[in-house]
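User: Hi! I'm new to looking at protein models. Could you walk me through this one?
Analyst: Happy to, let's bring it up.
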Amino acid sequence: MALNNLERHAAVVDRSVLYATLAQHPGALPLLVRVLGSSQFLADALRRRPQSLAWLLEPRTMRVWLPEDLAAELAQALAPFETREARMRGLRRVKYRHLLRIGARDLLGDADLAVTTAELAHLADACLAEALAFAEAAARVAYGAPRDATGAETGVAVVAMGKLGGEELNYSSDIDLMFAYGADGETTGGRHGRVPNGEYFARVCRGVVAFLEEVTDEGYAFRVDLRLRPEGRMGAVVLSLDRYRDYYRDRAELWERQALIKARVAAGDLRVGARFMELAREAVYRPGLDARIVPAIRAMKGQIDRTLVEAGRTATNVKLGRGGIREVEFLVQALQLLYGGEDAWLRERNTLKATFRLTERGYLVPDLGRMLSEAYVHLRTVEHRLQILHEFQTHTLPASPLELGRLARRVGFVGPPASAARAFRARHRQITAAVHRAFRAFFGAGGARPGRARGGPQKARRGAVRRPSVMALRATGFADPERARHNLERILEGRPLVPYAGQLRAALERLYPMLLDALWKSADPDEALNQFERFLSAAGPRAGLVELLADRPELLTGLVRVCAGGDLLTQLLIAQPELLASLAAPERLLRGKARPAYRAAVAQVFAPGLGPGERRDRLRRVKQAEELTIVWRYLSGLTTIEAYAREMTALAEAVLAAGWLLTLEPLVARHGVPRDAEGRFIPAVVVGLGKLGGRELCTGSDLDIFVVTGDEGRTDGGDPIDASWFYSLAAERAASALGDITAAGVAFPVDLRLRPGSKGSGFASSVAALERYYAEYGDLWERQTLTRARLVLGDPGLARRVRAALRRVVYGTPLPRAQLKEIAEVRKRMEVELGRETRGRSNVKYGRGGLVDVEFLTQALQLVHGGDRIEARAPATAAALRGLARAGALPPARAAELADHHRFLRRVSAALRLLGARPSDTLELAGPMPARVASALGFPSRQAFLDAYGACREAVRAAYLESMA
């Protein structure tokens with residue numbers, strides 16, 4: 001196949017140019033062979049547009065394209081065209097050009113399943129936005145702008161469903177869509193008069209579908225499926241928000257609620273989209289346990305099975321067959337429907353991420369969650385390799401042994417087709433059998449049910465432990481005694497898919513009265529019980545942990561106190577319940593670690609014999625173990641917020657160093673070492689910004705970084721590339737190595753957006769390019785971010801050059817006080833767009849008088865005074881305030897007051913993150929969170945905390961306005 005396609009490709013190009021490219025570019029032949037030998041439709045696309053090969057060989061092409069990159073590329077490509085037909089053809093050319101890029105990265109192993117499916121979805125989003133913009137522009141000319149009953153303009157939102165909604169699209173997926181408009185009314189009138197809003201938006205939506213589905217000489221863009229809308233094929237193409245709300249409240253079937261799990265606004269009016277998502281959440285996630293969910297989903301799967309039996313494809317259909325993709329999705333979605341009403345963290349569209357969250361929360365035992373994740377990746381990869389061949393929407397394994405062998409080789413099995421087919425068949429059967437066992441265990445007629453005991457022996461022993469009544473639970477401090485009783489039931493009986501083995505019973509019965517006593521004494525019995533139940537569920541059959549708690553009442557009391565303090569720490573214990581035993585050693589808690597100790601801890605990642613995936617998982621487990629100790633010390637009052645942040649930062653730097661080394665190893669093996677024209681090694685450094693730069697990290701923080709290289713040059717390996725591109729790849733892959741979700745969780749999310757350069761540029765720049773960018777193109781806000789820049793990793797000699805360059809950029813020219821207005825305008829936008837405060841919602845970071853007020857004030861004064869006064873240049877906010885006071889930029893009393901307020905707001909922010917506020921840093925004033933934060937910070941009452949919090953914010957805002965005037 002590869003040879004035939006290569007010959008056909010050579011027939012339409014200048015052969016001398018092609019052969020010269022293959023000879024001179026080390027990446028050309030592997031790319032061509034892999035693409036031409038794996039996908040006929042990509043081979044055909046490359047033959048139709050042979051110039052795409054040169055584009056693919058450009059280093060900046062073969063990277064992850066962000067949604068805004070794709071939108072900008074599409075807008076630029078369509079800008080010369082005005083007619084509908086020309087824009088449709090242009091859109092299809094861009095689509096297939098990027099399918100070539102995405103498919104090549106996928107086949108070469110440069111992108112994993114999650115990245116590939118997300119990029120396919122983002123490409124569809126960009127095409128949808130363009131189709132909607134064209135259809136709306138035409139409709140406005142014909143009918144004018146749509147307005148609601150109040151005269152305000154309204155819009156339409158394109159709601160992605162299914163795999164597009166979950167950002168997990170296939171190469172040949174239909175895109176499942178629904179359309180929603182804001183409100184009924186009438187248009188203002190145009191060339192063809194006025195029409196009701198419903199008719200106007202129906203025309204727009206039909207225009208969108210036609211724009212994507214119509215076949216041109218460049219093919220079609222996407223097949224669109226609208227059957228998930230209310231009433232299916234018989235329903236209106238588009239409905240108002242009120243009609244959606246009425247339908248989902250009164251008439252929606254369970255399968256329609258299930259489908260809404262994946263709903264996502266892909267294009268259109270964001271305000272309408274946000275209101276649709278709010279009503280969708282109300283429809284999907286309802287309080288309490290719904291006993292109808294499991295039998296209803298089992299019945300749906302039964303219908304699918306009967307259809308496949310009739311067609312004889314139960315074992316060969318990777319999507320709908322036994323142990324296939326749909327069984328994983330149905331199991332995950334059933335658990336989301338059951339528990340997502342009470343646990344908002346489970347409300348995730350993407351199947352892999354939802355599986356991780358269910359495991360993280362203890363609804364799946366770790367081994368089962370890991371198996372389902374690995375099975376889903378295998379099944380979706382097989383589905384991709386089936387569809388990438390001819391772009392057919394197929395899910396069936398080939399019957400021919402030769403074709404099955406070829407599929408196995410595309411999936412990654414090595415050897416001749418016959419042996420590859422045997423290995424693939426054995427692995428596939430093993431995976432599908434494991435998935436079907438889990439599916440049958442949960443959905444089988446005699447399987448687990450929420451709220452029902454399992455097995456005779458356990459039923460017989462229900463009376464062995466006296467359970468407190470609802471009245472007794474209310475009297476002892478539980479605000480929600482019904483839920484508390486339900487949690488106590490699950491502690492004694494286990495959850496669906498997480499039943500307790502018989503040997504746990506004695507240990508649980510011994511623990512039970514001690515647990516009740518600890519709960520009654522805790523600051524927040526309800527939250528403590530919720531989190532303890534999650535932890536115990538994740539611990540599964542490990543009776544040793546339960547016995548450890550029963551034997552060590554002080555450890556049990558400490559665990560309950562931590563559970564009452566929030567769910568992030570509980571998540572760490574859920575990921576590795578065995579860590580609890582290590583915390584039984586008091587010496588682990590008395591003293592914090594310095595950076596060398598954390599580097600020594602992560603060194604085990606490089607133990608010989610570990611593969612890349614095992615090293616990534618081990619890095620995550622080491623990080624979680626160390627973070628658990630850090631947070632436990634903070635919540636136990638053994639350390640301050642400043643020491644907690646310093647320890648978290650030291651841990652992050654050690655993990656970042658390990659991730660950087662893990663990334664460099666395969667890059668050096670493929671491309672060689674970067675060297676200059678004289679053969680000298682070209683080093684790089686990693687610059688930390690934000691909380692990492694200021695040593696102010698807390699649990700849940702991102703790592704803001706960028707990479708700077710030395711001189712220009714190329715690598716010296718078999719596939720040489722520019723040194724800057726080598727380190728750009730290293731930065732991108734280090735972000736993936738640390739931030740991607742694996743079965744072991746996440747190490748640290750990495751954010752590269754603050755790097756010097758445009759969004760489409762590489763992720764590394766030379767010292768000269770860095771200075772040139774900030775001198776010629778950098779905005780004031782970018783210069784401001786560099787006040788927190790700190791060298792965290794890399795070559796010491798280069799670090800000195802970079803530090804000097806950054807000092808010139810930030811402090812070389814003092815900022816005129818007149819330019820403080822520009823900083824204040826950016827701050828105002830952040831308050832409105834990111835803070836989103838209302839009368840009942842406060843944002844401790846971005847809101848009025850929040851952390852960012854203190855930080856912007858400090859950074860602005862650093863830019864004004866730091867050029868002359870070295871003491872004002874500290875990257876940490878508290879140290880910078882002290883330095884500004886010494887420099888005379890702030891009165892010492894004002895600087896000390898601001899430092900105290902900053903410390904208090906950091907403690908509030910840390911409490912919100914540890915307590916699991918969603919989104920983080922948001923305080924819902926009418927909910928339970930103020931009381932929980934008050935308890936965590938040691939305030940005597942909810943109102944006492946709110947009073948102190950309000951006074952702090954007012955003082956901070958007053959100081960901010962005075963200093964920025």
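**A first look around**

Analyst: Keep in mind that this is a predicted model. Its accessible surface comes to about 39,500 Å², and 54% of that belongs to carbon and sulfur atoms.

User: How many of the residues count as buried, as a percentage?
Analyst: Of the 965 residues, 56% count as buried, meaning that they have under 20% relative accessible area.

User: And what does the C-alpha trace span along its principal axes?
Analyst: About 80 × 80 × 70 Å. The radius of gyration is 29 Å, which agrees with the value near 30 Å that a compact globule of 965 residues would have.

User: How many helices and strands are there?
Analyst: The protein has 43 helices and 18 strands. As for contacts between residues at least 6 apart in sequence, 73% join residues at least 24 apart.

User: Switching topic: what volume does the second largest pocket have?
Analyst: Its volume is about 840 Å³.

User: Which residues lie nearest the centre of that pocket?
Analyst: Those are Gly162, Asp176, Leu228, Lys319 and Arg326, out of 24 residues that line the second largest pocket.

User: Which helix gives the most to the lining?
Analyst: Helix 15, with four residues. Helix 15 covers 325-339, and at least two lining residues each also come from helix 9 (162-165) and helix 12 (254-259).

Technical notes. Residues numbered from 1 in each chain as written. Predicted model: local features only at pLDDT ≥ 70, side-chain atom pairs only at ≥ 80, totals over all residues. Heavy atoms only, no water. 1 Å grid on protein atoms, 1.4 Å probe; cavity = no way out; pocket = protein on both sides within 12 Å on 5 of 7 lines; lining within 4 Å. Points joined across faces, edges and corners; volume = space filled by probe spheres on them. Rg over C-alpha atoms; globule rule 2.2 N^0.38 Å. Buried < 20%, exposed > 50% of the residue type's maximum accessible area, 1.4 Å probe, protein only. Contact = heavy atoms within 4.5 Å. Areas by Shrake-Rupley, 256 points an atom, 1.4 Å probe, with all protein chains shown as cover.
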